[in-house]
Each structure stands twice: as structure tokens, then as C-alpha cells.
Amino acid sequence: MERTNGDVLIQARPEPLAIDPDSTAVVVVDMQNDFGAEGGMFERAGIPIGGIQAVIEPTAKVLATARSAGMLIVYLKMEFDSTLANAGGTDAPNLIKHLGLNVGTSITAPDGRPSRILIRDTWNTEILPALTPDPDDVIVSKHRYSGFFETNLDVSLRAHGISSLVFTGCTTSVCVDATLRDAFYRDYRCLVLSDCTAEPLGSQFSRGNHEASLLTIEVLFGWVSDSTSFVQALNRQHADATVV
């Protein structure tokens with residue numbers, strides 16, 4: 001059974017989750033060059049990006065299916081003003097942590113353009129090409145780990161009548177987790193797609209931060225599924241509607 005009262009039933013943990021595509025948004029967290037591309041901030045800092053690159057393909061399939069179902073797509077972008085004014089004061093932990101990753105440093109992008117690490121309107125903060133937003137998608141710029149902190153994300157979601165969120169992106173235990181928890185506090189129902197999220201921290205272990213975050217989410221903050229279950233459920237809904 002894939003539908004309940006007109007909703008789509010997604011196979012998930014700890015139990016199946018029924019969502020209404022009209023009131024559900026797919027959130028793409030920080031899938032940008034600085035985190036997932038060669039020459040970006042992570043790769044320059046020696047942080048492995050293979051896990052993030054591996055989720056691009058399943059995420060693209062999720063986005064294509066969600067768009068076909070008429071679902072809202074929201075992109076979050078981690079980026080700072082050119083002066084770093086919105087990164088916090090000189091003693092702000094947010095600024096200190098990012099300075100350790102050379103935020104604001106001028107570089108030459110792989111395509112030859114002048115650019116700067118994690119700075120707005122540069123190659124570094126552009127969405128990865130395989131996940132380029134469509135004109136109707138919503139793009140929210142953020143300057144802290146959570147997409148809700150000092151942004152219009154909540155207002156935009158409410159304006160679109162959204163009550164459920166499907167999370168993809170990076171990194172699982174930082175920006176995905178921070179945004180999801182803030183969504184939970186605002187009473188959104190949250191579903192994470194495990195193969196569309198990635199986490200470099202602890203990735204060298206058999207069970208790292210990615211798995212720990214997913215376990216915490218499914219027990220306390222929401223539901224966990226995968227791209228195949230999500231796509232199959234939406235495709236079945238479309239097939240049922242076509243038959244009707």
C-alpha cells in the first residue's frame with residue numbers, strides 16, 4: 001500500500017511516513033562547490049569529498065521526481081558577505097571555525113575565474129552543476145549552519161503551505177542536522193534520505209557521524225528513508241493517478 005487518504009506513503013524508519021506532495025518541500029543543503037567540488041574549500045583543506053560527490057546522482061533523481069510531482073524544491077547555500085561581516089565578530093566561534101578553513105581567501109576557480117572561499121556570488125558558493133536549480137526553485141542564503149537562522153526560510157515555507165520537509169545535502173551531522181532540528185522545533189515533519197546526505201567527519205570508520213546522526217534523527221527528530229523508496233512511492237502515486 002502506497003497511499004493513505006490521498007497522501008504518499010514513504011517506507012521509512014522508524015515507521016512509514018505519509019506525506020502530501022502539495023505541502024512537502026525537498027531541501028537541498030549546501031550542495032555547492034566549496035563542499036563537493038575539486039578546488040573547493042573542503043578539498044583544499046584535505047577533507048574527503050568522495051562521500052558528498054557520491055550523493056549527487058541519487059539526489060538528482062530525487063529532484064527530478066519531486067519536480068514532476070509538483071513539489072517545492074529549496075536550496076540552501078552557506079555563504080558570507082565579501083567583508084565577512086555576517087560571519088560574526090572577531091571573537092565569534094562561527095568566524096573562528098571558518099577562518100580555520102581559510103574562509104574569504106582569494107583563489108582561482110577551476111574554470112579560471114577569480115573567486116573566494118565561501119563568499120557570496122563566487123564560483124565557490126555556486127550549486128554543483130549536476131544539481132543546478134530550476135527557475136522556480138527557492139534559493140536561501142545562510143551564514144550559520146542552520147538554514148533557519150536569520151533567513152527567510154520559515155516565512156517562505158509557510159507562504160507555500162509547506163508542513164513536511166525531505167532533506168538531502170551535506171553535511172549530515174552539521175548543516176543538515178542543524179537545519180532539521182530547527183525545523184523540528186517549528187513543527188515541520190522531517191524526512192532524511194540517507195543516500196542523499198553525506199558526512200566527511202568519521203567517514204574513515206565503519207560507523208561514523210553520518211550513521212550516528214541518522215540514528216538520532218529517526219529516534220527523536222523525524223524519519224529516515226532513501227532515494228529509491230522516495231522515488232518509487234512518488235512514481236506509484238503518479239501511476240495510480242494516471243489510471244484513475
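Lys77 is found in strand S5, where helices (H or I, at least four residues) and strands (E, at least two) are DSSP runs numbered from the N terminus. The structure is a predicted model, for which local features need pLDDT of at least 70 and side-chain atom pairs count only at pLDDT 80 or more, whereas totals for chains, interfaces and linings use all residues. Residues are numbered from 1 along each chain as its sequence is written, and side-chain values use heavy atoms, with hydrogens and water left out.

With a relative accessibility of 16%, Lys77 counts as buried, the term buried standing for under 20% relative accessible area, exposed for over 50% and partly exposed for values in between (1.4 Å probe, protein chains only). Not counting residues up to four places away in sequence, Lys77 touches Asp30, Gln32, Thr125, Glu126, Ile127, Ile139, Val140, Ser141 and Lys142, a contact being defined by heavy atoms within 4.5 Å.

Side chains of opposite charge can pair when their charged atoms come close. A salt bridge is here a side-chain nitrogen of Lys or Arg within 4 Å of a carboxyl oxygen of Asp or Glu, and by this rule the count comes to twelve salt bridges. One of them joins Glu79 to Arg120, with the closest N and O atoms 3.9 Å apart. Glu79 lies in the loop between strand S5 (72-78) and helix H5 (93-99), and Arg120 in the loop between strand S7 (114-116) and strand S8 (138-142), so the pair ties together parts that are 41 residues apart in sequence. Glu79 counts as buried at 4% relative accessibility, while Arg120, at 33%, counts as partly exposed. Arg120 also forms a salt bridge with Asp81, for which the closest N and O atoms are 3.3 Å apart. This second pair again links distant parts of the chain, 39 residues apart, with Asp81 in the loop between S5 and H5 and Arg120 in the loop between S7 and S8. Asp81 is partly exposed, with a relative accessible area of 28%. Through salt bridges that share partners, Lys77, Glu79, Asp81 and Arg120 are joined into one network.

A further salt bridge is formed by Arg13 and Glu218, the closest N and O atoms of which are 2.8 Å apart. Since Arg13 lies in the loop between strand S2 (7-10) and strand S3 (17-19) and Glu218 in helix H8, the pair ties together parts that are 205 residues apart in sequence. Arg13 is partly exposed, its relative accessible area being 40%, whereas Glu218 counts as buried at 16% relative accessibility.

Glu218 belongs to the buried residues of helix H8 (residues 209-221), which are His210, Ser213, Leu214, Ile217, Glu218 and Phe221. Seen down the axis of H8, these buried residues fall within an arc of 130°, so they line one face of the helix; the arc is that of the directions from the helix axis to the C-beta atoms. Val219 and Leu220, on the other side of H8, are exposed. The elements that cover the buried residues of H8 include helix H7 (172-185), strand S10 (189-198) and strand S11 (223-225).

H7 and S10 also take part, together with S9, in a right-handed β-α-β unit, right-handed meaning that, with the strands pointing away from the viewer, the path from the first strand over the helix to the second runs clockwise. Strand S9 (residues 164-170) is mostly covered, seven of its seven residues being buried. Ser164, Val166, Thr168 and Cys170 point one way from S9, and Leu165, Phe167 and Gly169 point the other way. Strands are taken to pair if DSSP finds at least two bridges between them. S9 pairs in the parallel sense with strand S4 (residues 24-29) over six bridges, and Val28 has Thr168 as its bridge partner in S9. Six bridges also join S9 to S10, and these strands run parallel, with Val192 in S10 as the bridge partner of Phe167.

A nonpolar core is a set of buried Ala, Val, Leu, Ile, Met, Phe, Trp, Tyr and Cys residues joined through side-chain atoms within 4.5 Å. The largest such core has 49 residues, of which Val26, Met31, Phe35, Phe80, Leu118, Leu191 and Phe230 touch the most other members. Apart from this core lies another, of 25 residues, among them Cys175, Ala183, Tyr188 and Cys190.
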